[in-house]
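Here is a short report on one protein model. Please look over the sequence and structure first.

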Amino acid sequence: MANSAEPVSPSRPASRARLPRRGRGPASVPAARPRNADRGEEGRRRTLALAGAAHDMKTPLATMAGYAALLTNGQCGPLTPRQREVLREMESSCTRLQRTVDDCLSFGLMEAEGVRLRADLGDIGACLEELHGIWSDSFRRKGVALYLLAPPPLPAFVFDYHKIQRVVSNLLENALKFTPTGGTVWLSWEAHFWERRTRWERAMPGNRRRQASPAPNACRICVCDTGPGIAPEFHQEIFDPFVRLAPEEIRTGGGRSGVGLGLAIARQMVQSHGGKIWVESELAAGSKFCLVLPLAASAETARSEPR
């Protein structure tokens with residue numbers, strides 16, 4: 001009687017269920033550590049190390065700046081024109097390094113504790129006009145024109161005076177760094193209607209605001225320059241920590257400086273106000289950095305630190 005079982009072909013061996021080896025079961029396999037957790041831990045260690053190094057640099061840097069100022073003022077004897085020029089360059093380098101140290105310390109503190117706001121009712125026009133006066137000499141020395149485009153007075157609203165000055169200072173510093181001699185930079189602000197949608201709302205073509213001219217609910221601040229511009233593919237990346245564009249990516253021979261934290265700090269400070277920051281730019285067409293701040297303080301902004 002023929003066997004009813006199907007013969008097994010030598011070239012196709014019968015499949016057999018594999019039994020788990022002893023000690024190799026699912027319970028004995030260690031859980032894989034998420035890659036994002038490793039990256040987050042690595043970023044945290046890098047930030048703490050950078051903040052520690054920056055803190056150690058503060059004292060010797062202050063000493064160098066103090067001696068340079070002492071020599072420049074002529075308190076150690078008369079100076080030749082060449083010596084005075086060298087000291088001016090030394091003071092300028094100390095100032096740039098001091099900003100880098102401050103950025104490292106600020107970013108480390110924000111990563112550890114978040115952004116602490118000292119928000120109060122203030123005049124944004126007075127805030128930016130004061131900043132224009134602070135930066136005018138630096139622009140004049142390089143031969144870059146800095147224009148202030150002041151609108152009609154805006155109503156006072158709640159914001160952190162010094163942190164907004166820090167944000168705009170970072171934007172002005174970048175504009176001065178990348179704008180060639182003979183170029184122009186504009187600092188402006190204006191009342192702005194910011195149409196904010198929640199993630200549950202859909203932007204339907206027929207679901208537009210009915211009012212013809214909606215009332216402004218935000219202040220928009222812009223810093224425009226006639227520099228080399230930024231390629232569109234880097235418009236989001238430049239606001240990430242430790243990102244610096246190479247000279248070939250910004251079409252300038254000025255090279256890179258700093259550690260790539262200025263715009264990352266600016267973004268965190270603006271977002272802590274409930275605002276938004278972005279860039280509009282193309283290569284060889286200059287750059288326009290904009291930020292909007294809501295006129296009505298959010299719950300987080302209104303929760304300012306005690307003075």
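## A positive phi in a loop

In which loop is Ala-284 found? Ala-284 sits in the loop between strand S6 (276-281) and strand S7 (287-294). Strands here are DSSP runs of E, at least two residues; helices are runs of H or I, at least four residues; both are numbered from the N terminus. Phi of Ala-284 is positive, near 65°, in a residue other than glycine. Ala-284 counts as exposed because its relative accessible area is 75%. Exposed means over 50% relative accessible area, buried under 20%, and partly exposed in between (1.4 Å probe, protein chains only).

Phe-242 is not a glycine either, and its phi is positive at about 65°. Phe-242 lies in the loop between strand S5 (218-225) and helix H5 (247-250). Its relative accessibility is 24%, so Phe-242 is partly exposed.

## Basis of the model

The model is predicted: local features need pLDDT of at least 70, side-chain atom pairs count only at pLDDT 80 or more, and totals for chains, interfaces and linings use all residues. Residues are numbered from 1 along each chain as its sequence is written, and side-chain values use heavy atoms, with hydrogens and water left out.

## Helix H3

Asp-123 caps the N-terminal end of H3. One of its side-chain oxygens lies 3.0 Å from the backbone nitrogen of Gly-125. H3 has 19 residues, which should span 27 Å at 1.5 Å a residue, and its end C-alpha atoms are 27 Å apart, so the two agree. The expected span is 1.5 Å times one less than the number of residues.

H3 bends by about 40° at Trp-135. The bend is the angle between axes fitted to the seven residues ending there and the seven starting there. Trp-135 is buried, and so are Leu-128, Leu-131, His-132 and Phe-139, among others in H3. After H3 comes Gly-143, with a positive phi near 85°.

## The second largest pocket

This pocket holds about 320 Å³ of space. A pocket is an open set of points on a 1 Å grid over the protein atoms alone, where a 1.4 Å probe fits, with protein on both sides within 12 Å along at least five of seven lines; lining residues have an atom within 4 Å of a point. Volume is the space filled by probe spheres set on the points, which are joined across faces, edges and corners.

Of its 13 lining residues, Arg-99, Trp-135, Gln-165, Arg-166 and Ser-169 are the closest to the centre. Helices H2 (81-113), H3 (124-142) and H4 (161-178) each supply at least two lining residues. H4 gives the largest share, six.

Terms used
A polar contact is a pair of N or O atoms within 3.5 Å; within protein, one must be able to donate a hydrogen and the other to accept it, and residues adjacent in sequence count only if both atoms are side-chain atoms.
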